[in-house]
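Open the model in your viewer and keep the selection tool at hand. We will go from stop to stop, picking residues as we go.

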Amino acid sequence: MVKVIIPKFQFITYRYRFLLLYVMFGALSLVVELFITRALMSFGFRYSIGAGVGLIAGILLAFVLNTRFNFKIAKGKIKRALFYFSAISLGAFSFQIIIRKYLIEFGISMDLSRFLIAGTFFIVSYIIHRRVTFKEYKKVGVAIYADGVEDIKKIHEKISEVCDFIHIDIVDDTYKKDCGDIKAYRAEVVRAYWEKKEIEVHIMSRTPSLYLKDLLPHVDTIYVHTDIDENISDVLAKIRNGGCNPGLAVSLRERLNDIYPYLDMINDVLLLAINNPGYSGQKFDIGIMQWIKELDKRKDRNNFKICVDGGVNNETIKLLNVEKVVSGSFVLNAKDPIKQIMYLQTSGEYDEY
């Protein structure tokens with residue numbers, strides 16, 4: 001009986017980890033806020049000053065704890081996330097001040113009323129933060145090849161709905177001479193199994209337009225490379241006009257600068273931490289970290305998301321402070337694929353839940 005209860009408890013704590021940690025960090029920030037407020041008042045400062053300093057300290061503490069241990073926001077998005085977090089927190093606090101005076105009339109102390117009201121607003125604030133502040137926390141996708149070899153049904157049985165998105169790889173003989181038959185239409189099969197999941201496709205071909213007809217109705221994001229035999233702007237426009245998010249992929253054998261002229265046309269950048277696109281099981285190349293730093297420094301960083309693919313496993317995941325990662329063999333070849341996904345989603349901290 002105990003063996004059954006423990007796994008269920010672990011899964012529940014994992015499934016609701018964001019909310020649980022958010023509540024814990026929120027409670028801790030309230031304690032710090034009230035402590036600072038009372039400390040400053042004891043030194044002769046007015047309540048308004050003490051409460052203001054305490055509130056700012058509490059907000060910053062909650063934000064740092066959530067971005068460090070909970071939502072894993074990419075470095076390039078930290079400033080924007082802090083702005084949203086502060087605005088939402090201040091808005092909630094202002095509304096609480098209006099209600100607090102009514103509680104005080106019933107004899108409830110200021111400190112206790114702050115806890116009671118904040119606790120009531122935790123769920124509302126949490127929902128808003130998830131939809132606005134922390135909407136771009138690190139997501140994990142599982143890679144599937146669009147050929148006749150991958151058993152999509154079996155993969156669905158292995159990973160169920162645990163991953164955040166599905167990543168389909170299409171590679172033809174212009175990128176890999178010994179590739180198998182391309183079956184782009186299998187994107188429809190993938191959509192049938194993962195109806196509500198985000199589905200993205202990475203086309204490794206010098207003529208990506210050949211596959212758009214089969215892909216556009218069933219996927220959300222399509223990545224192409226810059227070293228193609230077609231006009232890049234035209235291809236990106238076709239993807240956008242077809243109802244999908246256009247993205248650009250670049251491997252370490254290519255140049256990162258080649259994607260810069262098109263960043264205003266895309267929503268996503270796929271960085272391949274490998275040298276030979278189209279071949280699974282390659283080792284992670286640490287050189288990709290410099291590319292991430294370069295992209296994070298750009299002024300338009302808030303306009304696109306970064307996804308890293310290639311060599312993502314239990315060790316390399318800890319290095320990647322980006323919005324999305326893709327893993328294939330590390331997940332699908334494991335005895336417990338779902339546990340591997342959970343491990344990646346928490347940046348190696350799943351065992352703590």
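**Stop 1: a glutamate.** Select Glu200. Glu200 has 0% relative accessibility, so it counts as buried (under 20% relative accessible area; exposed is over 50%, and partly exposed lies in between, with a 1.4 Å probe and protein chains only). Glu200 belongs to strand β3, residues 198–204 (strands are DSSP runs of E with at least two residues, helices are runs of H or I with at least four, and both are numbered from the N terminus).

Before moving on, note what you are looking at. This is a predicted model: local features need pLDDT of at least 70, side-chain atom pairs count only at pLDDT 80 or more, and totals for chains, interfaces and linings use all residues. Residues are numbered from 1 along each chain as its sequence is written, and side-chain values use heavy atoms, with hydrogens and water left out.

**Stop 2: its partner.** Which side chain makes a polar contact with the side chain of Glu200? Select Lys324: the two side chains meet at 2.8 Å. A polar contact is a pair of N or O atoms within 3.5 Å; within protein, one must be able to donate a hydrogen and the other to accept it, and residues adjacent in sequence count only if both atoms are side-chain atoms. Not counting residues up to four places away in sequence, Glu200 also touches others, including Phe165, His167, Tyr223 and Cys307 (contact means heavy atoms within 4.5 Å).

**Stop 3: charges over rings.** Lys324 lies over the face of Phe165, 5.1 Å from the ring centre. Now select Arg298 and Tyr260. Here the charged end of Arg298 sits over the ring of Tyr260, 4.4 Å from its centre. The rule asks for NZ of Lys or CZ of Arg within 6 Å of the ring centre and within 35 degrees of the ring normal.

**Stop 4: the core.** Select Ile159, Leu215, Ile222, Leu271 and Val308. These have the most contacts inside the largest nonpolar core, which has 61 residues. Such a core is a set of buried Ala, Val, Leu, Ile, Met, Phe, Trp, Tyr and Cys residues joined through side-chain atoms within 4.5 Å. Helix α10, residues 288–296, gives the largest share of this core, five residues. A second, separate core has 14 residues, among them Leu55 and Phe93.

**Stop 5: a neighbour of Ile159.** Among the residues that Ile159 touches is Trp194. Select Trp194. Trp194 is buried, at 0% relative accessibility.
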